[in-house]
Amino acid sequence: MRKLFTACVALVMMATGAVAANLGDDGLHKAPWMRETFKDLSEDLAEANAEGKRLMVIIEQRGCIYCKKMHEEVFPIDEIAGYIKENFFVVQINMFGDVEVTDFDGEALPEKEMVKKWGALFTPMILFFPTQVEDGVSAGKAAVATMPGAFGRYTTFNMLNWVVEEGYDGDEGFQRYHARKFAEQSK
């Protein structure tokens with residue numbers, strides 16, 4: 001019965017075009033829109049800008065039930081996966097990893113130490129960055145928006161749009177933007 005259920009879920013996902021992330025050797029979900037980089041945020045930002053995309057850093061950890069929820073229920077939604085692929089340059093950070101990350105301020109630390117420096121306590125934690133970051137500023141301070149934890153389809157999609165539209169520079173904060181968009185999407 002379990003095999004039949006798994007096969008049915010796979011068929012539905014293939015029919016809708018949804019693609020769930022695979023687990024990597026590090027136990028983290030690997031979505032097709034994630035980038036393998038040297039984790040030098042200044043270089044990643046420059047590459048994102050060259051592609052006309054926004055830099056997004058997602059901090060995750062092995063066994064995180066909320067990361068799993070996002071990768072299995074929210075990120076595979078065609079509208080969201082397509083929007084991320086089209087508009088974001090995504091770098092994954094392992095909350096307890098040892099891979100060196102170079103912050104915008106030039107400091108290089110293992111992932112687990114960088115996450116502490118940025119004050120990230122929950123996973124997933126998504127940080128969104130402006131197209132330009134001032135010299136000497138850490139990613140924790142440079143982020144124009146953060147999304148701590150798992151959220152549903154509409155909150156996630158609206159946050160992605162709000163960042164791309166640079167809503168953080170306007171008078172309509174995210175909560176009002178989200179309420180307006182949610183009302184429009186519910187019609």
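Helices (H or I, at least four residues) and strands (E, at least two) are DSSP runs, numbered from the N terminus. Residues are numbered from 1 along each chain as its sequence is written, and side-chain values use heavy atoms, with hydrogens and water left out. The model is predicted: local features need pLDDT of at least 70, side-chain atom pairs count only at pLDDT 80 or more, and totals for chains, interfaces and linings use all residues.

**First stop: Ala108**

Select Ala108, which belongs to strand β7 (residues 108-110). Ala108 counts as partly exposed because its relative accessibility is 35%. Next, display its contacts, a contact being heavy atoms within 4.5 Å. With neighbours within four places in sequence left aside, Ala108 is in contact with Glu100, Val101 and Thr102.

Select β3, β5, β4, β8 and β9. These five strands form an open sheet in that order, with mixed pairing. β3 and β9 stand at the edges with a single partner strand each, so one side of each is left without a neighbour in the sheet. Two strands are taken to pair if DSSP finds at least two bridges between them. Strands of a sheet pair through backbone hydrogen bonds, either parallel or antiparallel.

Which residues of β4 are buried on each side? Arg54, Met56, Ile58 and Glu60 are buried on one side, and Leu55, Val57 and Ile59 on the other. In a regular strand the side chains alternate between the two faces of the sheet. In β4, seven of its seven residues are buried.

β4 and β5 are parallel and joined by seven bridges, with Met56 opposite Val90 in β5. β4 and β8 run antiparallel and are joined by four bridges, with Met56 opposite Phe128 in β8. Continue to β8 (residues 125-128), which is joined to β9 by four bridges, also in the antiparallel sense; here Met125 stands opposite Pro148 in β9.

Select helix α3 (residues 65-74), whose buried residues are Cys67, Met70, His71 and Val74. Viewed down the axis of α3, these residues fall within an arc of 120°, so they line one face of the helix; the arc is that of the directions from the helix axis to the C-beta atoms. The face turned away from the buried side carries the exposed residues Ile65 and Glu73. Among the elements that cover the buried residues of α3 are β4 (54-60), α4 (78-87) and α7 (153-164).

Move to α4, where Ile80, Ala81, Tyr83, Ile84 and Asn87 are buried. Their arc around the axis is only 165°, which puts them on the same side of α4. Lys85 and Glu86 are exposed on the face turned away from that side. The buried residues of α4 pack against β4, α3, β5 and α7.

Now show the helices over the sheet. Axes are lines fitted to C-alpha atoms, for helices over the stretch in contact, and angles run from 0 to 180 degrees between N-to-C directions. α4 lies across β4 and β5 (88-94), at about 100° to β5. α7 lies across β4, β5, β8 and β9, at about 165° to β9.

**Fourth stop: the nonpolar core**

A nonpolar core is a set of buried Ala, Val, Leu, Ile, Met, Phe, Trp, Tyr and Cys residues joined through side-chain atoms within 4.5 Å. Select Phe88 and Phe128: of the 28 residues in the largest core, these two touch the most other members. α7 gives the most to this core, with five residues.

**Last stop: the cysteines**

Select Cys64 and Cys67. Cys64 is buried, with a relative accessible area of 8%, and Cys67 is buried at 1%. A disulfide is a pair of cysteine sulfur atoms within 2.5 Å, and by this rule the count comes to zero disulfides.

Technical notes: Buried < 20%, exposed > 50% of the residue type's maximum accessible area, 1.4 Å probe, protein only.
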